[in-house]
Amino acid sequence: MADFVWPISLSLGVAAHLLYFHRYETHNYVHRILAIIITTIAVSTVLVSRTGNVGLIVAAATTLGYAVCFAIGAMGSTLVYRLFFNPLNRFPGPFAARLSDFYIAFTVGGKLNQYHKLYELHQKYGRIVRRGATELSIVDPDFVEPSHSSQTRVTKGPWYDMETVPALLSERVRTQHDRRRKHWVPAFSDKALREYEPRIQSFNNKLLAKLTELDGKPMDVSHWFKLYAFDVMGSLAFGKNYRMLDSGEKHHALGLLTDGMAPLGLTMPVWFLRLLKGIPGDTLGVEKFTKFCNDEIEDAVRNNFFSNASEKDAASAGGSTVTSWLYNAYKDSPNPGRNPYYQQDARLLIVAGADTTAVTFAYMFYQLAQHPEDVEMIRNELKQCVKGDFSDVDIRHCEHLNATINETLRLHSPGPSGAFRLTPPEGLRVGDTFVPEGTAYNIPFYVVARDESVYEQASSFVPERWYSKPEMVKYKGAFVPFLIGAYNCIGKNVALMELRTLTAKILLEYDVSLAPGEDGSRLLNDSKDHFTMSLAPLDLVFTRVK
Ligand code: HEM
């Protein structure tokens, strides 16, 4: 074959990078691109064989050679750009992070401790750090408002494009997101929350019964709060009681969820994840969990969200569920229980609503076990406002209880590495810093929480900073555990209802301490960051108050 084809292949590779891959988001088309490449190689092989009068094997080898030249051109051009021309190069960070968006995945590895790695990077390089070829990590609190406010032109990053059909959380187009979010709003109204509360209280009682049964024996709270949170969300999402608090056993779906979340902890480039997802079999471990949720929501619709269930404990009796409210948006579509958007949103509820509260409970009780003075203060204020049975409205105003929850969310965010955002076409200017267009970045909550310029005694657990010692919060706008703006957490009030009512129930009856031999180091060092957290065990002892 003519010699000029080699340099042409190389130049086409360079052109493909400069005119296409560099300019546009291409990850959503990764399978199409792969198909085009394979087809081109196949067709070229036949052409080379015919025109060059050579056998198919020789033709295939020659064509593959051209393909390799094309790849060298595209990758070489990418490398030269990343080494010398990328405007992100002015931000400090490890050299390897300049070269590839796989950098974080390689550093984090099987430990899945991204939040710890980001902390180390920020300690070494400062407030804005290069975390990949196209990515930054930012802990400057001045970025919080411009990144998340309702008016911002910053959008969700490519990372959210993991699924072909997006759930509400991963809807990157703002207008589409806003349209879908309107359907969610009634599901989190005061009326809806009043209907959810009996379900939540019923699971609170089950956990209390477990404490009574244990009678001062050590309890792995990472395990039990997870069962609690999954039981609650199972009830609110599918109208079912999975009875994990009764059996003490994880439902198999909980294991599937943990497996499915693990790859997210690596924050690998989304084109790569999409490629893996395309491989037959459950490469990422998410398919089984997806199927479980799809079957459950279909079942829930079929059974009218269990409103006619014969079983009548509050946890599975009638009343609305989050998905029964969402159903209104889909009920006129053919076979609503199988509508992919509805299915995705039901699954999102479990992913967003179960681990997050479980993690907050576990860390809060870890802190309370070491701060009996906070337990005492919460108990005293509760005694002033509740007599016998109580509901969330009775304790909503309890300052020290709310402050303890806030302080836990500050130090131990259930999503410690923060949420990925993308700068708009005009870039993002904050003070003297300009972040160029198309830069994906996160603001890791874990690192911001430990910044002395944002909080006084930043690493200490001091609930009072949220009411009687406001001077200990130097930068108020930095504390956004549920985020702010259009993409903020819609489940915040459900989460707070669970956190307040169960904590109040436990502390009115029990003191809490670390179990013998427990120092919390497993929880602090070995818990995994899967976007939300997967907790290592923590053994606590609950002793009945005399
Ligand atoms: C302590 C508990 C919780 C925390 C700290 C928390 C935090 C967050 C954060 C930071 C986001 C934004 C994520 C992003 O943009 O990537 C979010 C979104 C979301 N959360 Fe929560 N969450 C909690 C509990 C819950 C609960 C209990 C539910 C459901 C009942 C829930 C449902 C959602 C949903 C549906 C979204 C997507 C909202 C949207 O995109 O419009 N969350 N949450």
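Gly93 sits in the loop between helix H3 (56–85) and helix H4 (95–99). Helices here are DSSP runs of H or I with at least four residues, strands are runs of E with at least two, and both are numbered from the N terminus. This is a predicted model, in which local features need pLDDT of at least 70, side-chain atom pairs count only at pLDDT 80 or more, and totals for chains, interfaces and linings use all residues. Residues are numbered from 1 along each chain as its sequence is written, and side-chain values use heavy atoms, with hydrogens and water left out.

Stay with Gly93 for a moment. Gly93 is partly exposed, at 24% relative accessible area. Which residues does Gly93 contact, leaving aside neighbours within four places in sequence? They are Tyr125, Val129 and Arg130. Contact means heavy atoms within 4.5 Å. Now look towards Ala16. Gly93 and Ala16 are 77 residues apart in sequence, and their C-alpha atoms are 28 Å apart in space.

Next, step back to the whole chain. The protein chain has 23 helices and 12 strands. Its C-alpha atoms fill a box of roughly 95 × 55 × 45 Å along the principal axes. For 546 residues, a compact globule would have a radius of gyration near 24 Å, and the 26 Å of the protein chain agrees with that. The radius is taken over C-alpha atoms, and the globule rule is 2.2 Å times the number of residues to the power 0.38.

How much of the chain is buried? Of its 546 residues, 55% count as buried. The accessible surface comes to about 24000 Å², and 59% of this belongs to carbon and sulfur atoms. Such areas come from the Shrake-Rupley method with a 1.4 Å probe; for residues, only the protein chains shown count as cover. Among contacts between residues at least 6 apart in sequence, 73% join residues at least 24 apart.

Charges come next. The chain has 58 positive and 58 negative charges, and their mean positions are 4 Å apart. Lys and Arg count as positive, Asp and Glu as negative, while His and the chain ends are not counted. Each charge is placed at NZ of Lys, CZ of Arg, CG of Asp or CD of Glu.

Which protein residue is its donor? The single donor from the protein is Cys489, through its SG atom, 2.3 Å away. Donors are N, O and S atoms within 2.8 Å of the metal (3.2 Å for Na, K and Ca); water is not among the atoms, so sites may look incomplete. Cys489 lies in the loop between helix H21 (445–449) and helix H22 (492–509).

Move on to the helices. Leu254, Leu256 and Met261 are among the buried ones. Ser49 belongs to helix H2 (residues 30–52). Ser49 is buried, with 15% relative accessible area. Beyond four places in sequence, Ser49 touches Val54, Gly55, Leu56 and Ala59.

Helix H9 holds Arg199. Is Arg199 buried or exposed? Arg199 is buried, with a relative accessible area of 2%. Helix H10 holds Val232. Val232 is buried too, with a relative accessible area of 1%. Not counting residues up to four places away, Val232 touches Ile200, Phe203 and Glu498. Val232 and Glu464 are 232 residues apart in sequence and 30 Å apart, C-alpha to C-alpha.

Two loop residues end the tour. Most residues other than glycine have a negative phi. Asp215 is not a glycine, yet has a positive phi of about 50 degrees. Asp215 is in the loop between helix H9 (190–214) and strand S4 (219–220). Asp215 is exposed, at 65% relative accessible area. Arg243 also has a positive phi, near 55 degrees. Its loop runs between helix H10 (221–238) and helix H11 (244–247). Arg243 is partly exposed, at 29% relative accessibility.

Conventions: Buried < 20%, exposed > 50% of the residue type's maximum accessible area, 1.4 Å probe, protein only.
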